[in-house]
Amino acid sequence: MEDSNKAKRVLNILNRLENGEVINKMQEASKYEVSEKTIERDINDINRLYLYVQVFL
């Protein structure tokens, strides 16, 4: 269940970033009931994936 929650959280954050929204770690952490560090890790995962995709395009 935890992996599913992370996937939904990351996809939601990614979608919002793609739409030009600014993500506030404190607000996101509160919304998803996780730590700010978790949100930071999620954003880092998104950044790494984005760079991975750029390298292979």
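Modeller: Quick term first: helices (H or I, at least four residues) and strands (E, at least two) are DSSP runs, numbered from the N terminus. This is a predicted model, so local features need pLDDT of at least 70, side-chain atom pairs count only at pLDDT 80 or more, and totals for chains, interfaces and linings use all residues. Residues are numbered from 1 along each chain as its sequence is written, and side-chain values use heavy atoms, with hydrogens and water left out.

Colleague: OK, which pattern does the protein follow along the sequence?

Modeller: The protein has three helices and zero strands. Read along the sequence, that gives α-α-α.

Colleague: At what angle do the axes of α1 and α2 cross?

Modeller: Axes here are lines fitted to C-alpha atoms, for helices over the stretch in contact, with angles from 0 to 180 degrees between N-to-C directions. Helix α1 covers residues 2-18 and helix α2 residues 25-32. Their axes come within 12 Å and cross at roughly 145 degrees.

Colleague: And which residues of α2 meet α1?

Modeller: Contact means heavy atoms within 4.5 Å. On the α1 side you've got R9, N12, I13 and R16, and they meet α2 at E28, K31 and Y32.

Colleague: Is D42 buried or exposed?

Modeller: D42 sits in helix α3, residues 36-56. Buried means under 20% relative accessible area, exposed over 50%, partly exposed in between (1.4 Å probe, protein chains only). D42 comes out at 1% relative accessibility, so it counts as buried.

Colleague: Which residues is D42 in contact with?

Modeller: Skip its neighbours within four places in sequence. What's left for D42 is K6, R9, V10 and I13.
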